[in-house]
Amino acid sequence: MSAAGGPRLGVVGAADHPPFPRAARAALADSQLRHNLGQATRAIRARRAEAVGELPDWEQLREAGRAIKDRVLRHLDHYLLELEAAVQRGGGHVHWARDADECNRIVCQLVAAHGTREVVKSKSMLSEETQLNEALAEHGIRAWETDLAQLIVQLADEAPSHILVPAIHKNRREIRELFAATLEEVPDDLSAEPAALAEVARQHLRRRFLEARVGISGANFAVAETGAVVVVESEGNARMCTTLPEVLITVMGIEKVIPTWQDLEVYLQLLPRSSTAERMNPYTSLWTGVSAGDGPAEFHLVLVDNGRTNALGDEVGRQALRCIRCSACLNVCPVYERVGGHAYGSTYPGPIGAILTPLLSGLDAAPSLPYASSLCGACYEVCPVKIDIPEVLVHLRQAEVERPARRSRPLGSPDGERAVMAALARVFASRRLYEAAQRTGRLARLVLARGGRIERLPGALGGWTAARDLPAPPAESFRDWWRRRARDAH
Amino acid sequence: MSSPAPRVSLFITCFNDTLFPQTGRATVTLLERLGVRVDFPLEQTCCGQMHFNTGYARQMVPLARRFARAFADSELIVSPSASCVAMVRCHYPRVAELAGDEELRRQLEALRPRVLELSELLIDRLGVEDVGAVFPHRVTYHPTCHSLRLLELGDRPLRLLRAVAGIELLELREADECCGFGGTFAVKNADTSIAMLSDKVRRILDTGAEVCVAADNSCLMHIGGALSRGRVGVRAMHLAEVLAATGPGRPRSGGAARGTGGARRGVA
């Protein structure tokens with residue numbers, strides 16, 4: 001297990017998680033993690049670029065993906081009620097959950113009512129958000145994750161470190177060790193070949209699928225017009241979860257609703273190419289309520305808010321609710337590639353996590369996340385629904401700076417930072433002060449520089465000189481040269 | 001160039017003015033060589049990019065006002081800093097919105113299309129790719145994030161570099177990945193920044209170049225700071241300085257921290 005594996009998370013942006021810079025420092029020291037992540041993200045980046053490059057209308061698709069989601073967000077109440085009515089028409093039950101606790105309570109009660117002690121689950125980020133598995137365990141119910149990578153992190157008692165590839169931080173040798181230690185009926189000579197590992201997991205999961213009476217799934221989309229719920233996946237485990245058990249419970253964030261069946265055309269192109277770099281994902285399961293003699297006899301849809309209306313109230317930040325959880329932004333992020341998902345200390349890591357987490361659960365819970373980016377913009381470039389992540393990051397930084405009660409502090413003392421920024425703003429606002437500061441700065445040449453370079457700076461700026469020299473301020477500023485040149489010309 | 005000598009105001013940026021005056025001198029040398037009349041409004045200071053990106057947008061509203069005043073009479077404004085141009089072109093509208101000042105919004109809106117990054121001025125307005133530069137050195141080009149993704153400079157800088165006499169351009173692997181600077185990110189998240197920087201430096205060294213060129217001195221200070229610390233014998237140099245060079249002199253940038261050692265510069 002990598003050092004950055006860490007225990008399972010608390011709620012979104014767990015308060016006891018170290019601030020990002022500290023968590024990142026630990027993760028950066030894990031050479032195995034760096035190697036695993038670097039290899040995996042490089043490979044998926046290249047494949048995504050290829051898959052996206054095939055479509056001549058990719059930019060139009062992105063624009064459509066953005067526009068449809070924006071319409072949903074403007075009329076969310078309308079589409080949710082339309083969805084509820086359609087699901088009920090199809091014979092399904094709809095439940096509304098304000099927050100994680102309410103969601104978990106509803107699901108636990110439903111499972112308990114069917115008198116079962118085991119459920120099978122297909123991957124759901126929302127259930128990670130609400131910590132549904134832990135809640136079920138408290139009710140004596142064992143939830144088996146059936147997505148291979150999700151099973152891996154469950155067996156390791158870790159949180160996912162990636163939205164799509166939850167065990168991206170592990171390599172196959174680490175997974176072999178884990179399976180040998182945690183699964184039943186594992187051959188002694190189990191190899192670390194992917195096929196052999198998948199076979200062991202398949203045997204384990206097959207038994208669970210055939211025994212489970214209740215299945216739990218997430219949802220990628222739900223169509224308001226028809227009541228159809230959609231899950232896209234690669235392994236077929238979600239298909240099993242949503243068809244084999246007698247009872248199916250689907251938990252879904254309220255922003256996942258889309259208006260019409262036709263809108264799927266846009267997202268079923270955008271999502272697979274952005275996430276797994278496939279033209280089409282291997283399995284797309286769609287169901288509307290229940291059908292006698294075909295699939296579950298009972299279907300429950302739990303619509304969960306859990307901070308989404310908070311995010312909706314933020315004019316700049318609400319665009320984050322367009323997210324379709326493709327994870328393209330993680331794969332291109334140079335910060336994510338180096339620190340991995342656990343350093344973010346939230347269910348959603350990477351660039352989208354850095355904005356979604358504070359938007360859902362408040363800056364109070366994750367004050368360092370908006371700063372966990374160099375604002376390079378690679379995330380925005382690949383986002384299939386055009387979320388301007390750098391714009392939201394800067395917006396959240398501003399909110400953090402202006403937040404009255406700042407607890408955790410991103411840079412030494414934030415009040416120190418505020419004072420420095422205010423002083424600099426005053427200096428830059430006056431030509432006289434600015435030129436005086438330039439002259440004063442030249443003293444650094446005498447005080448700090450050796451051989452034209454500064455190798456050590458004091459205080460918070462020491463982070464710079466930890467690995468980089470700084471040029472000594474030159475003897476003559478540009479404007480001094482300009483004025484001298486004008487004088488000499490006369 | 002066909003029409004009469006264009007007039008251009010130089011937006012030097014506080015960073016170049018104070019720390020990298022050689023880039024400003026090179027920009028002036030280059031533009032005057034191409035027949036451009038350059039002026040320098042002395043009232044300019046800082047565009048407020050660092051404040052804005054760190055969350056102090058409200059505090060930098062006066063800087064946007066000052067910018068609008070300093071360049072009010074300029075027909076065309078050029079800057080050898082992609083990120084500062086991006087600040088003005090891409091972010092000033094948001095600043096005006098925050099300020100809630102309609103007059104400021106109109107002033108900035110009128111200025112925006114007149115602010116150009118150096119390679120945009122050369123290629124789009126002056127219509128030159130061969131600026132008459134001579135720079136007989138092995139060079140690799142790093143497209144900084146804001147030049148790539150906010151200004152969408154594309155291959156403009158490379159087209160200019162390809163036309164330089166004597167230059168040997170070497171391709172940088174994974175060139176479009178951030179060097180890890182990110183303004184205050186480099187200090188607030190110093191460890192992550194350094195990890196990104198180390199990979200960038202390794203790829204620069206892999207090219208076998210003696211000079212790493214970019215269109216932004218902030219990223220170059222970051223990259224050059226590591227090149228200098230490691231004494232690796234590769235220097236960072238601004239695009240303007242390469243384009244201004246006309247002699248076979250050794251490549252050199254002003255501060256030693258942008259390179260190793262120092263010799264005569266090719267720029268007058």
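In chain A, Val120(A) has Gly215(A) of strand S4 as its bridge partner. The two strands behind this link are S2 (residues 118-121) and S4 (residues 214-217) of chain A, which run parallel and are joined over 3 bridges. Here strands are DSSP runs of E with at least two residues, helices are DSSP runs of H or I with at least four residues, and both are numbered from the N terminus. Two strands count as paired if DSSP finds at least two bridges between them.

This is a predicted model, in which local features need pLDDT of at least 70 and side-chain atom pairs count only at pLDDT 80 or more, while totals for chains, interfaces and linings use all residues. Residues are numbered from 1 along each chain as its sequence is written, and chains are lettered from A and ligands numbered from 1 in the order in which they are written.

Zooming out from that pair, S2 and S4 belong to an open sheet of 6 strands in chain A, with parallel pairing and the order S1-S10-S7-S4-S2-S3. At the edges stand S1 (93-97) and S3 (142-145) of chain A; each has a single partner strand, so one side of each has no neighbour in the sheet. From one strand to the next, the twist averages 25 degrees, taking axes as lines fitted to C-alpha atoms and angles from 0 to 180 degrees between N-to-C directions.

Chain A as a whole holds 23 helices and 13 strands. Its radius of gyration, taken over C-alpha atoms, is 26 Å, close to the 23 Å that the globule rule gives for 490 residues, so chain A is as compact as a globular protein of that length. That rule is 2.2 Å times the number of residues to the power 0.38. Along its principal axes, the C-alpha trace of chain A spans about 95 × 55 × 45 Å. Buried residues make up 50% of the 490 residues in chain A. A residue is buried if 20 or more other C-beta atoms lie within 10 Å of its own, exposed if 12 or fewer, and partly exposed in between, with C-beta atoms placed from the backbone.

Most residues other than glycine have a negative phi. Asp157(A), however, has a positive phi near 55 degrees; this residue sits in the loop between helix H8 (148-155) and helix H9 (172-182) of chain A and is exposed, with 12 other C-beta atoms within 10 Å. Glu185(A) also has a positive phi near 55 degrees. Its place is the loop between H9 and helix H10 (194-211) of chain A, and with 8 C-beta neighbours inside 10 Å, Glu185(A) counts as exposed.

Chains A and B touch through 55 residues from chain A and 58 residues from chain B, where a contact means C-beta atoms, placed from the backbone, within 7 Å. On the chain B side, H11(B) gives the largest share, 7 residues.

As for confidence, the model scores ipTM 0.93 and pTM 0.93. The mean pLDDT (the predictor's confidence in each residue, from 0 to 100) is 92 for chain A, with 95% of its residues at 70 or more. For chain B the mean is 92, and 91% of residues reach 70 or more. Where pLDDT is low, the predicted coordinates should not be read in detail.

Technical notes: Two residues are in contact if their C-beta atoms, placed from the backbone, lie within 7 Å.
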